[in-house]
Amino acid sequence: MNKKSSAQGPGQDAPTHSVPAPQPLSVSLEANVQEISKRIGESSDVVFRHFTNESLSSSPLAFIYIDGLVNSEMVNQTVLQPLMETVVPKIPDITATDAYNLVKDQMLPIGSVKEGKTLESLLGMLFDGYTLILFNGMTTALAADTAGWEKRSINEPTSQGVIRGPKEGFTENLRTGTAMLRRRLKTSDLRIEEYKIGERTQTGVALVYLEGIASAEVLKEIRRRLNAIQTDSILESNYIEEFIQDGGLTPFPTIQNTERPDALAGGILEGQVGIIIDGTPFALLAPSTFFNFFQSSEDYYQRYDISSFLRLIRYSAFFVSMLLPALYIAVTTFHQEMLPTTLLVSLAAQREGVPFPALAEALLMELTFDVLREAGVRMPRTIGPAISIVGALVLGQSAVQAGLVSAAMVIVVSFTAISNFVIPSLAIANSIRLIRFIMMLIAATLGLFGIMSFLMVLLIHMAGLRSFGVPYLSPVAPMTPRYLKDIFIRVPLWDMTIRPKTNLGKETRRQGKHQKPEPAKKLQKPEGENTP
Amino acid sequence: MNLRKLLNTKLLCSVLCLPLCTSLLSGCWDARELSELGITSGSAYDWEDNQWKATYQIINPSSGSSSMGGSGGGSTSSPPFITFTVKGKTIMEAIQKSNLTSIREMFPSHSRVTVIGDRLAKRGINPLLDIFLRKQDARETVYVFIHSGDAGDVLDQLMQLTKNQGAGIQLMIEQESKLLSYYPGIRMFELAMNLASESGCAAVPELMLTDSKIMDETSETGQTNLPSRLALGRLGVLKGDKMVGWLSQKEAFGLSFLTNTIKSAMIPFASRPQISEQLDSSYMIQKSTTIVQPRWARDHFIMDIHIKGSGVIHEIGSKVDLNNQAALAEMETSIENNILEVVEQSWKSVKKLNADVTGFAVRIHRSDKKRWRSIRQDKNWDTVFQNIEIRPHVHMDIERTGLSSKSFKSIQQD
């Protein structure tokens, strides 16, 4: 543990981006405008506007905003109009300070107005969609929040669909994300801490958690790691994920990502800490154990028995996806006596004309599938159907008919692929895509013995993993029986009295005991006995 | 200090990882592709010209109907299996010689049956048992049969309804012992166990061809009624490791009662023994247990054999009222007498062969250790066995009489 934490870059309290000493505003309006214009490099989308309003001062004022980042209608109505059209009784000898206060207090019908004293802070606000109002003779400037750029509307999540459950997903906008979360967690305990990470991107990163439920140590650790990030840019949540996740050399993810506000809310309610990142609809959840990746938010939206069944199916699909090709290779090259005779003869018959050994055949088909899959993702949507024709007909059926691969191998590869998609989290599904190949090589050299040995190595590795201090295999290893209610099976909601993933956060009761719905008669019985 | 601890763990880990590397280096020496395997479905052993003669039946995968994959397969005219015969001074020598003629390595793990020629059976099968118990890939779960004649001939015979002849024979004996109970199939390890037991005897079913002709061409299986088929025949009796004689199927059936191996069996009986002794009805035993209790009576052993069972009436050929308890009781007695007769007849033949396939030696050893010790010391089991008197007590219940309570014959005459 010590090694890991000390490896996390120097300086916990270092600022997120190192800047030269901030430059204060000068008294001259012209100088300030010139300086800002120089800093931005006279970009065409920056609008400078000088104006005068007799009633304020005879000296000119200036607006600066970035076209496209602001809602121009809003700028016109709430900044330009009041400042340019309002004529108040002229105050004689109005000073710059008076004018400044007048504008700030009376003339800006807008929610968020900030003050900026340095060039850097003003520029930062400018890039956030604020409209700057600079005064001649003042070393402070006003910034009105007029942000309003083109946004994607809220859509159904494309990567994590459900049949029953909310259909809205996060968008690329950080504020939309926090709002969606707040709408679900109407409690004063919800905390949203914002960070700006990335020297050049200044990406907004919001740490969201429930005060009193999230573990303080985990929070401290996440804050420390977020603050330690020194990078040029954060374009997607994976940038943050890679910078803060434990155990660099592991195929297993230790941070979940989700596109679903309900999943994020669910995680936060169970003591996890959410991280919403501006510019991507994928939010992060940490700490995450191995078993978190097999829980889908739909598990809680349908009956517990079917949820439990589906969850067990997911675990078996995980193993199938990881092991099936390896098992096929091992059994057909080392342990033929394990197969029923009829199956063995049938497999042998299929392999009669196949020119490659089982390993080559399996590798060939698995790689083919991965190529197909990648092509399916990258391909323009209009030529998408071509993929399925090429994939299913040419590579599947024809390859078998041409005698290049055996039909059994096609079945093995297809079932492996399908199983991989059963796992709700793409993160862990991807990690076993690679393990599968290692497994196949080991199976071809050492058979079942090799598979078992490698599984053992994997298990040891996983048992040693930590996600922000939480053991990766908990609550199974180390075993905490009372937390097992939501791991392999999901017990009815009324039976989950304490937070099931309590090891992620604090152990707190989340609902009353004895909530199992029962007929009213049964409850009234003792009273009935007393009355006569 | 922490660093040193870390370094130590790292060192320890890398040292621990070294043995893993060796396992990788030594990998895949025994990897075999499916196309390199000659999947053996059956084997036959015989003794000819003073040497072992082994015949192996190797499955030809490309003859199977499921050979869609691969361009090599698909020809339906190729036989479902091939056989080849090798000879050698020892069994292993013969097996190794098979590599002189076969393109595939023999893979005996899927073997289902082993047929022993009667010449070999009379000479002794100890070496065969040894190799089956010793060799790693030999399967001692194969069913053993005796063939009177050249054992290899049986393996050449094609079977209908199944392509894998070995599996077909296995099915045959399993069905027989489940539905008919003339004799149970005996597996190689059971054979070894029986021969090594106190009685030192075992019974092995005969596998025979119903005609002298061998159907070994695929074109010949095209006909619906094969002139020659594989069939289960008599029961060969082995004593020591040599065959001493045969029991007929009826005698074998009686032996099944004595050894408690009846699973379900059909007993023809006379439904009204006072009127006619003719066997006109059938009773199906659905459950039967035999308890053998030896007891010493002055100079010989008396075996009390309690056979208890229940079953249903399947066929009635006489005029009988099944609602009548007395009639049923009469029928039960008739059935019991039939069984008694079968058992007595069987015991007579067993006694004549002087081979304790009944397992009485085991019973006596278990119930009377002292006397068994003295028998073994005196080595006079054979005389003791000859003096054994059996007292079978049969009790059979008719549980149901089928869907009609009257025989058709009685309806007709009303």
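## Domains, a sheet and their contacts

The C-alpha centres of domain 2 of chain A and domain 3 of chain A lie 34 Å apart. This is a predicted model, in which local features need pLDDT of at least 70 and side-chain atom pairs count only at pLDDT 80 or more, while totals for chains, interfaces and linings use all residues. Residues are numbered from 1 along each chain as its sequence is written, chains are lettered from A and ligands numbered from 1 in the order in which they are written, and side-chain values use heavy atoms, with hydrogens and water left out.

Chain A is assigned domain 1 (29–145), domain 2 (174–288) and domain 3 (308–470); such bounds come from an automatic or database domain assignment. Between domain 2 and domain 3 of chain A, 17 residues of domain 2 are in contact with 12 residues of domain 3, where contact means heavy atoms within 4.5 Å. Together, domain 2 and domain 3 of chain A bury about 1200 Å², 78% of it on carbon and sulfur atoms. Buried area here is the accessible area (1.4 Å probe) that two parts lose on being put together, summed over both. On the side of domain 2 of chain A, Asp246(A), Pro251(A) and Phe252(A) lose the most area to domain 3 of chain A, together 44% of what that side buries.

Zero salt bridges are found across this interface of domain 2 and domain 3 of chain A; a salt bridge is a side-chain nitrogen of Lys or Arg within 4 Å of a carboxyl oxygen of Asp or Glu. Four residue pairs are in polar contact between domain 2 and domain 3 of chain A (both at pLDDT 80 or more). A polar contact is a pair of N or O atoms within 3.5 Å; within protein, one must be able to donate a hydrogen and the other to accept it, and residues adjacent in sequence count only if both atoms are side-chain atoms. H7(A) gives the most to the side of domain 2 of chain A that touches domain 3 of chain A, with four residues.

Helix H7 of chain A also holds Arg224(A) and Glu221(A), three residues apart, about one turn of the helix. Arg224(A) forms a salt bridge with Glu221(A), the closest N and O atoms being 2.8 Å apart.

Next comes the sheet. Five strands of chain A form an open, antiparallel sheet in the order S6-S7-S9-S10-S8. Strand S6 (190–197) and strand S8 (256–258) of chain A are at the edges with a single partner strand each, so one side of each has no neighbour in the sheet. From one strand to the next, the twist averages 25 degrees. Helix H7 (residues 216–228) of chain A packs on this sheet, touching S6, strand S7 (203–210), S9 and S10 of chain A, and its direction makes about 175 degrees with that of S7(A). Helices (H or I, at least four residues) and strands (E, at least two) are DSSP runs, numbered from the N terminus; two strands pair if DSSP finds at least two bridges between them. Axes are lines fitted to C-alpha atoms, for helices over the stretch in contact, and angles run from 0 to 180 degrees between N-to-C directions.

Chain B is assigned domain 1 (34–63 + 77–247) and domain 2 (264–413). Their contact takes 16 residues from domain 1 of chain B and 15 residues from domain 2 of chain B. One salt bridge crosses the interface of domain 1 and domain 2 of chain B.
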